[in-house]
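Subject: Structure handover

Hello,

Please find the structure below. My notes on it follow.

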Amino acid sequence: VEDHNVIGGLGSMAASALSEQYPVSVRAHGVHDVFAESGSATELLKKYELDVVGVKKHILKFLSDTK
């Protein structure tokens, strides 16, 4: 999870490096290649589902998809 574009971000680099040694399922969660908007940090985190509620939702979906 990162508050950045998932394409070419730190998460992509970490997943690429780690997957060579630890091949596991990975799903990136962050901003998906859209132009950013202005607003408060709280509003933007909620919009992009990067707040606690959104991250929890994506983690639970990932875990249910990988069973």
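Over the ring of which residue does the charged end of Lys47 sit? The ring is that of Tyr48, and the charged end of Lys47 is 5.9 Å from its centre. A charge sits over a ring if NZ of Lys or CZ of Arg is within 6 Å of the ring centre and within 35 degrees of the ring normal.

Some background before the rest. This is a predicted model, in which local features need pLDDT of at least 70 and side-chain atom pairs count only at pLDDT 80 or more, while totals for chains, interfaces and linings use all residues. Residues are numbered from 1 along each chain as its sequence is written, and side-chain values use heavy atoms, with hydrogens and water left out.

Aromatic pairs: the structure holds zero.

Pockets: the largest pocket holds about 390 Å³ of space. A pocket here is an open set of points on a 1 Å grid over the protein atoms alone, where a 1.4 Å probe fits, with protein on both sides within 12 Å along at least five of seven lines; lining residues have an atom within 4 Å of a point. Volume is the space filled by probe spheres set on the points, which are joined across faces, edges and corners. The lining of the largest pocket has 18 residues, and Val1, Val26, Arg27, Ala28 and His29 lie nearest its centre. Helix 1 gives the largest share of that lining, six residues; helix 3 supplies at least two. (Helices are DSSP runs of H or I, at least four residues, numbered from the N terminus.) By class, the lining has eleven nonpolar, five polar and two charged residues. Asp, Glu, Lys and Arg count as charged, Ala, Val, Leu, Ile, Met, Phe, Trp, Tyr, Cys and Pro as nonpolar, and the others as polar.

The second largest pocket holds about 160 Å³. Tyr48 is one of its lining residues, which also include Asp3, Glu37 and Leu50.

Ser25 counts as exposed because its relative accessibility is 52%, the cut-off for exposed being over 50% (1.4 Å probe, protein chains only). Beyond its neighbours within four places in sequence, Ser25 is in contact (heavy atoms within 4.5 Å) with Phe62 and Thr66. Val52 belongs to helix 3 (residues 52-65) and is exposed, at 72%.

Regards

Notes. Buried means under 20% relative accessible area, exposed over 50%, partly exposed in between (1.4 Å probe, protein chains only). Rings of Phe, Tyr and Trp (its six-membered ring) pair if their centres lie within 6.5 Å; planes under 30 degrees apart count as stacked, over 60 as edge-to-face and the rest as tilted.
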